[in-house]
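Open the structure in your viewer and keep the sequence panel beside it. The tour moves from one selection to the next.

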Amino acid sequence: MKKLFTNDRFFLAMVLFAVIGEGLYSLLTLIGKPYLIVSLISIIFSAVCVAALYSTYRKHSKNVTKALMGALLMSQLNIGISLLNSAISVGNTVAIILDTVFSLAATVLFINHMLINSDHHSSPAMISMNQVLAIIIAVVNTVSSAYWLLSVRDALTITASIFDIIGFIGTALVVVCVESRLDAYRLDREAAGWTEEKGYPEGYVHEYEKKDN
């Protein structure tokens with residue numbers, strides 16, 4: 001999966017999925033149910049964060065990029081907990097199972113992300129774990145949304161929800177795309193002789209200096 005998550009086109013596709021998908025979902029929801037405007041704030045915020053994440057990554061502003069990654073993962077975790085709470089309140093067994101898996105995967109992903117960024121060395125095994133977790137989250141959310149849509153008859157709501165599914169897939173995977181890329185850079189510099197004590201070897205060319213990433 002490393003090649004997929006470090007692919008330029010896949011990364012851009014996930015950004016577009018997130019921004020356009022959640023943008024259209026918010027627009028259609030406001031058209032059909034304008035009273036839900038407050039509940040859309042967090043979704044719009046996530047879409048803006050994804051766009052900012054892509055921009056800061058391209059500009060090599062790593063500190064801002066990492067802050068945005070943490071914000072998106074925390075938002076994802078909050079969504080999982082909120083969905084699980086709602087499922088328990090309603091007593092829907094299928095929803096409870098799906099949302100429990102979502103919440104657990106989001107929790108482990110968030111913790112693992114913090115562990116990865118607490119060290120300057122590469123963590124390929126932990127990155128692989130996050131790639132799997134992100135895919136699980138995206139799949140579970142898609143199944144959960146599709147299950148809910150079975151009882152919906154309103155065309156506008158169905159259309160908006162489809163865009164929301166697409167947007168969430170992008171949001172769930174884009175952070176791991178950046179994680180995978182940053183870890184690939186760490187692997188490259190370590191192969192060139194970098195150590196935390198000595199720093200970069202003389203003549204080392206950073207990845208962003210080789211080409212426009």
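In which helix of the protein is confidence lowest, and in which is it highest? Colour by pLDDT, the predictor's confidence in each residue, from 0 to 100. Confidence is lowest in helix α8 (residues 207–210), at a mean of 58. It is highest in helix α2 (residues 8–32), at 96. The protein averages a pLDDT of 89, and 88% of the residues score at least 70.

This is a predicted model, in which local features need pLDDT of at least 70, side-chain atom pairs count only at pLDDT 80 or more, and totals for chains, interfaces and linings use all residues. Residues are numbered from 1 along each chain as its sequence is written, and side-chain values use heavy atoms, with hydrogens and water left out.

**Whole chain.** Switch to cartoon. The secondary structure comes to eight helices and zero strands. Helices (H or I, at least four residues) and strands (E, at least two) are DSSP runs, numbered from the N terminus. Now show the surface. Of the 213 residues, 41% count as buried. Buried means under 20% relative accessible area, exposed over 50%, and partly exposed in between (1.4 Å probe, protein chains only).

**Select α2.** Start at its N-terminal end. N7 caps it: a side-chain oxygen of N7 lies 2.9 Å from the backbone nitrogen of R9. A polar contact is a pair of N or O atoms within 3.5 Å; within protein, one must be able to donate a hydrogen and the other to accept it, and residues adjacent in sequence count only if both atoms are side-chain atoms. Next, check the length. The 25 residues of α2 should span 36 Å at 1.5 Å a residue, and the end C-alpha atoms are 36 Å apart, which agrees. The expected span is 1.5 Å times one less than the number of residues. Then pick out the buried positions of α2, among them F10, M14, A18, G21, Y25 and L28. An α-helix has 3.6 residues a turn, so residues three or four places apart point the same way.

**Select H60.** H60 sits in the loop between α3 (41–58) and α4 (62–90). Its phi is positive, about 65 degrees, although H60 is not a glycine. H60 counts as partly exposed because its relative accessibility is 34%.

**Select α4.** This helix has 29 residues and reaches 42 Å from its first C-alpha to its last, close to the 42 Å expected. Its buried residues include T65, L68, M69, L72, L73, Q76 and L84. Move on to S89, also in α4. S89 is exposed, with a relative accessible area of 60%. A polar atom of the S89 side chain lies 2.9 Å from the backbone oxygen of N85. Just after α4, G91 takes a positive phi of about 85 degrees.

Axes are lines fitted to C-alpha atoms, for helices over the stretch in contact, and angles run from 0 to 180 degrees between N-to-C directions.

- α3 and α4 pack at about 155 degrees, with their axes 9 Å apart. That makes α3 roughly antiparallel (over 145 degrees) to α4.
- The axes of α4 and α5 come within 8 Å and cross at roughly 155 degrees. That makes α4 roughly antiparallel to α5.
- α5 (residues 93–116) and α6 (residues 124–149) pack at about 155 degrees, with their axes 9 Å apart. That makes α5 roughly antiparallel to α6.

Technical notes
Parallel < 35°, antiparallel > 145°, perpendicular 65-115°, else oblique.
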